[in-house]
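Please read it alongside the sequence and the coordinates.

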Amino acid sequence: MVILVNLSKKALNVSPSSTLKIAAKVKELKSQGVDIISFTVGEPDFDTPDCVNEAAIEAIKKGFTKYTDSSGIVELRKEICEKLKKDNGLSYNPSQIVVSNGAKHSLANIFAAILNEGDEVIIFAPYWLSYPEMVSLASGVPVIVYTDAENEFVPTKEQLEKALTDKTKAIIFNSPCNPTGGIYGIETLEMIAKFAVDNDLIVISDEIYEKLVYDESDKHISIASLNEDIFKRTIVVNGMSKAYAMTGWRIGYSAASQEIASVISNLQSHLASNPNSIAQMAALSALRYADASIEEMRKQFAARRDYMHSRVKEFPLVSAVKPRGAFYVFIDASELCGTTIDGVEISDATVLGEVILSKTNVAVVPCADFGFKNHIRLSYATSMENIKEGLDRLEAFINENYKG
Ligand code: PLP
C-alpha cells in the first residue's frame with residue numbers, strides 16, 4: 001500500500017469541478033439505460049463544422065503531427081490577430097498571442113504569470129467555477145464581489161471600491177457570462193476600465209461566449225477596445241470551444257501586452273510545449289471558413305433561449321433574468337429550498353438538484369460552486385425536443401411538490 005504524505009496543500013484544497021462531476025453522473029445513468037434529460041452541459045450539441053474536420057484530416061495526412069512553436073503556429077496567431085482586429089477593433093501582433101489547450105489553460109497560464117503570493121483577484125459572483133480555484137492554485141487570493149438580479153448581475157462602482165485593497169492585482173470577468181447569460185454594457189465596462197486604470201490593475205476579460213449573443217440591440221464589446229490605457233492592461237481570453245462547437249479540440253488563446261505575453265509563452269513552453277498541432281490547423285480553418293456554420297448555431301441557440309426562458313418565467317416560485325448571451329438560464333430557486341420532500345430536507349440547491357434528478361430524471365447544475373447556493377443553471381445546449389420534455393418534467397415537479 002502506498003502512503004501519500006505531504007502532498008501539496010494548494011492542490012489538496014482544490015475541489016473537483018462539480019460540473020464535470022455531474023456530467024459524469026449523467027453519462028453513467030444514461031449508460032444504465034435511464035431516460036435522462038440533461039441540462040448540465042457546457043458545450044454545444046452541434047457537430048464541429050465540416051471545414052474544421054477536413055482541415056484536421058488534411059493536417060494528419062500531410063504529417064503535420066510534430067511539435068510546433070510553443071505559442072502556436074504563426075499562421076494561426078496571425079489569423080487570431082485579424083479576428084481581434086475585425087471583430088473587436090484590437091491591434092495585436094502575433095508575438096502577443098499565445099494559443100493554448102483551451103481557454104481554461106490560457107487562464108491558468110495567466111494567473112501563474114501575473115500573481116505573486118497573496119495577490120488578490122476580484123471576481124464577480126456568480127462566477128465561472130474555475131476562477132477562484134485557479135487563482136488559489138497560483139498562490140493568489142480570490143476576492144468575491146456578489147452581484148444581484150436587480151442589477152442584472154453586474155457590479156457597481158461602490159462594490160469595486162469596497163473590494164479594493166493594497167493587495168489587489170487584477171479583476172476577472174466573463175461577458176457574455178456563464179452562468180447568468182448576462183452581458184456587460186458599455187457603462188459597466190467603462191466603469192471597470194476607469195477603476196482598473198486608476199488603481200493600476202490588470203483586467204482579464206474572458207470572451208469565450210462572444211459569438212453567442214442573441215438580440216439585435218446587443219453587440220459584444222471587448223473592454224480592451226475602450227481606450228489605449230485599458231488596452232495595455234487587459235488580457236483578452238477567447239477560444240474555439242463554444243462558438244465553433246470545438247470543445248474537444250482544446251484550442252483557446254490569450255492576447256496581452258508583449259511583456260505579459262512573453263511570460264505566458266515561457267511558462268507554456270515548459271508546462272505544455274505547445275497546443276495540439278492538428279487542432280491548431282483545425283482552428284485556423286474555423287477562423288477562416290466557419291462563419292456561416294456558427295451563425296446557424298447561434299440562431300438555433302437564440303430560439304432555444306427564447307423558449308426556455310419563456311417557459312421558466314411561467315413556473316411558480318422561481319425566477320430568472322432573461323439571458324442575453326452564452327447558453328444558460330440562471331434560476332433563483334430560493335423558494336424551492338428550505339422545505340422537505342419525501343423526508344429529505346432541501347437545505348440548498350445542491351440537495352434540490354439531487355432530488356430533482358432522482359424524482360424526474362432531469363439533471364441540472366446547482367450553483368454553489370458558482371457562488372450562489374440557492375440557484376440552479378439550465379443549459380440549452382441540447383435539442384429543442386429535450387428542452388421541452390425536461391421543462392415539462394421540471395414544471396410537474398414543482399407543481400406536485402410545492403402545492404399551496
Ligand atoms: N471560460 C468560461 C466562462 C467557460 O464557461 C469555459 C468553459 O466552460 C471556459 C472559459 C473554458 O473553455 P475551454 O477551455 O473549453 O476553451
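**Overall architecture**

The protein has a secondary structure of 14 helices and 14 strands. Its radius of gyration is 21 Å, close to the 22 Å given by the globule rule for 404 residues, so the protein is as compact as a globular protein of that length. The model is a predicted one.

**Dimensions, surface and charge**

- Along the principal axes, the C-alpha atoms fill a box of roughly 60 × 60 × 55 Å.

**Burial and nonpolar cores**

- Buried residues make up 54% of the 404 residues of the protein.
- Of the contacts between residues at least 6 apart in sequence, 74% join residues at least 24 apart.
- In soluble globular proteins, nonpolar side chains tend to be buried together.
- The largest nonpolar core has 112 residues, among which Tyr-92, Phe-111, Ile-204 and Leu-378 touch the most other members. Helix α11 (residues 277-289) contributes the largest share of this core, with 7 residues.
- A second, separate core of 20 residues includes Val-154, Leu-189, Met-191 and Ile-223.
- Beyond its neighbours within four places in sequence, Phe-111 is in contact with Val-121, Met-134, Val-135, Ala-138, Ile-172 and Ile-204.

**Cis peptide bonds**

- The bond from Ala-125 to Pro-126 is cis, with omega near 0 degrees; Pro-126 lies in the loop between β3 (120-125) and α6 (130-137).
- The bond from Ser-175 to Pro-176 is also cis, with omega near -10 degrees; Pro-176 is located in the loop between β5 (168-174) and α8.

**Positive phi at non-glycine residues**

- Ser-139, in the loop between α6 and β4 (141-146), has a positive phi of about 70 degrees although it is not a glycine. Its relative accessibility is 17%, under the 20% limit, so Ser-139 counts as buried.
- Asp-200, in the loop between α8 and β6 (202-206), has a positive phi of about 55 degrees and is likewise not a glycine. Its relative accessibility is 57%, over the 50% limit, so Asp-200 counts as exposed.

- Glu-187 belongs to helix α8 (residues 186-198) and is exposed, with a relative accessible area of 66%.
- Glu-187 and Cys-337 are separated by 150 residues in sequence and by 35 Å in space, C-alpha to C-alpha.

Conventions. Residues numbered from 1 in each chain as written. Predicted model: local features only at pLDDT ≥ 70, side-chain atom pairs only at ≥ 80, totals over all residues. Heavy atoms only, no water. Helix = DSSP H or I, 4+ residues; strand = E, 2+ residues; numbered from the N terminus. Rg over C-alpha atoms; globule rule 2.2 N^0.38 Å. Buried < 20%, exposed > 50% of the residue type's maximum accessible area, 1.4 Å probe, protein only. Contact = heavy atoms within 4.5 Å. Core = buried A, V, L, I, M, F, W, Y, C linked by side-chain atoms within 4.5 Å.
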